[in-house]
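Here are some notes on the pockets, in the order I would go through them with you. Please have the viewer open as you read.

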Amino acid sequence: MILAGGVGSRFWPLSTPSLPKQLLPLVTDKPLIADTLERVAALAPAEKTLILTNASLADVVREACPEIPRANVIAEPKPAGTAAALSWAAAEIERRDGSDAVMVCVHADWAIADVEEFRNTLKVAAEAADKNRSLVTVGIVPTRPDPGLGYIEPGQKISDRVSSVGRFVEKPDAARAEQMIAGGALWNSGIFAWRVGDFLDEVRALTPEVAPALENISPGETGLQKFFADVKSIAVDVGVLERSRKVQVVAGNFGWDDIGTWGA
């Protein structure tokens, strides 16, 4: 599952609402979304890859990603937060492949230095989600005390690379970020893995902003429009992960950068 929404406003005037950051060649000579697809192609074939984007960008995303089936590019009718976006994706995957299907979520607009380690980390996260029936997030080993990012404090060690999540901390100041890093905190990357049934169970139990819209969810354009009309906007971190007791974290160290600013 590749999240490819957003208007890339921080990269104006290079990016525009019709050609945002994820469609620009900011790292290689290809759009960021094409780089992302290359990274994940070794893990999942095109027919098992979904892209969720803004309705206004669906056609240009399909053009930039010709290998992805048209039906796999999902046009979000309105911005409704990542909890709703990932719930729709999970329900669609459950409809196609069953509730035990493992879903891995990444974003379309990152730079990754070590692609092989990135893939290995996604595999570890997916295997932990499948084995432990948990909601797994990947925390990036920090390279600086960045106040522009969220942080994850790992809790109890579960296995060599997997820990429970102690807590999430949203954008601390630089001094606190430095203190947290010294204590082992990780950057919150927005990389997730889970069995879709496990994730949807947690949404239904913990996320009233989205849960009612899941009750009568139906596939197709009409169902998509109704679902997004009925949800309330909330981030998946706030609406699901911070409320769940089933969240685990895998540390990742593969040269991740969300290219959030011109400086980056």
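1. Let's begin with the largest pocket: 45 residues line it, and R10, T82, H107, D109 and D258 are the ones nearest its centre. A pocket here is an open set of points on a 1 Å grid over the protein atoms alone, where a 1.4 Å probe fits, with protein on both sides within 12 Å along at least five of seven lines; lining residues have an atom within 4 Å of a point.

2. Before going on, a word on the source: this is a predicted model, in which local features need pLDDT of at least 70 and side-chain atom pairs count only at pLDDT 80 or more, while totals for chains, interfaces and linings use all residues. Residues are numbered from 1 along each chain as its sequence is written, and side-chain values use heavy atoms, leaving out hydrogens and water.

3. The space in the largest pocket comes to about 1,300 Å³. A volume is the space filled by probe spheres set on the points, with grid points joined across faces, edges and corners.

4. Which elements supply at least two residues each to that lining? They are β2 (51–54), α3 (81–97), β9 (186–195), α9 (236–239) and β11 (256–257), and β9 gives the most, with four residues. Helices (H or I, at least four residues) and strands (E, at least two) are DSSP runs, numbered from the N terminus.

5. The second largest pocket has a volume of about 540 Å³. Its lining has 20 residues, with M1, A44, K48, V102 and V104 nearest the centre.
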